[in-house]
Amino acid sequence: MTSGEPPTSPAFLLMALGRRLREQVEEGLRAEGIALRHVSALGHLAREPGLSYSELARRAGVTPQSMQATLTALEQRGAVARGTDPGRGRTAELHVTEEGARLREAGMRIVADVDARLRERWDDEELRVVTAALLDVLRSP
């Protein structure tokens, strides 16, 4: 590769694209006063109400302390409600509130908008091939 040519490493290109897409999503989410980590936590809780901090952290690939900070911010916004009293060693029994459902939906719309802009770049066959290739890589060990 000569100077000035774009990189052709698939790994590098996917990382760069991932970073760009994440930045676009995060920019849209800032208008709602949330981040992708909030939408992710709300999504997990919407699918499985009552998950513990530890289980949410495991699923998100973050520390329990980081997840606790995320959920505390969501509780303060009224997006998550605790079904049990706080206490060391207790399962929090967290649930998404109406405000949390609204924020999650707003987040999903923002992701869909970014996705739509990406889809505009390819025709149906290109999109099918790209999607199949990405799923194949994601499913492999």
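Leu127 sits in helix α6, which covers residues 124-139.

Trainee: What kind of model are we looking at?

Mentor: This is a predicted model.

Trainee: Why is Leu127 called buried?

Mentor: The relative accessible area of Leu127 is 16%.

Trainee: Which residues does Leu127 touch, leaving aside its neighbours within four places in sequence?

Mentor: With those set aside, Leu127 is in contact with Arg119 and Trp122.

Trainee: And how far is Leu127 from Val39?

Mentor: They are 88 residues apart in sequence, and their C-alpha atoms are 26 Å apart in space.

Trainee: Let's turn to charges. What makes Arg22 and Glu26 a salt bridge?

Mentor: The rule asks for a side-chain nitrogen of Lys or Arg within 4 Å of a carboxyl oxygen of Asp or Glu. For the side chains of Arg22 and Glu26, the N to O distance is 4.0 Å, so the pair is counted as a salt bridge under that rule. Both residues lie in helix α1 (residues 10-30), 4 residues apart, or about one turn of the helix.

Trainee: Are the two partners buried or partly exposed?

Mentor: One of each. Arg22 has a relative accessible area of 48%, so Arg22 is partly exposed. Glu26 is at 17%, and because the buried class lies under 20%, Glu26 counts as buried.

Trainee: How do you know that Arg59 and Glu48 form a salt bridge?

Mentor: Their closest N and O atoms are 2.6 Å apart, and the cut-off is 4 Å, so the pair qualifies. Arg59 lies in helix α3 (residues 53-60) and Glu48 in the loop between α2 (36-47) and α3, so the pair ties together parts that are 11 residues apart in sequence.

Trainee: Why are Arg59 and Glu48 called partly exposed?

Mentor: Arg59 has a relative accessible area of 31%, and Glu48 has 35%.

Trainee: What about Glu75 and Arg82?

Mentor: Their side chains meet in a salt bridge at 2.8 Å, N to O. Glu75, at 24% relative accessibility, counts as partly exposed, and so does Arg82 at 27%.

Trainee: Which residues do salt bridges with shared partners join into one network?

Mentor: Glu32, Arg77, Glu99 and Arg102.

Trainee: How many salt bridges does the rule give?

Mentor: The count comes to 11.

Notes
Residues numbered from 1 in each chain as written. Predicted model: local features only at pLDDT ≥ 70, side-chain atom pairs only at ≥ 80, totals over all residues. Heavy atoms only, no water. Helix = DSSP H or I, 4+ residues; strand = E, 2+ residues; numbered from the N terminus. Buried < 20%, exposed > 50% of the residue type's maximum accessible area, 1.4 Å probe, protein only. Contact = heavy atoms within 4.5 Å.
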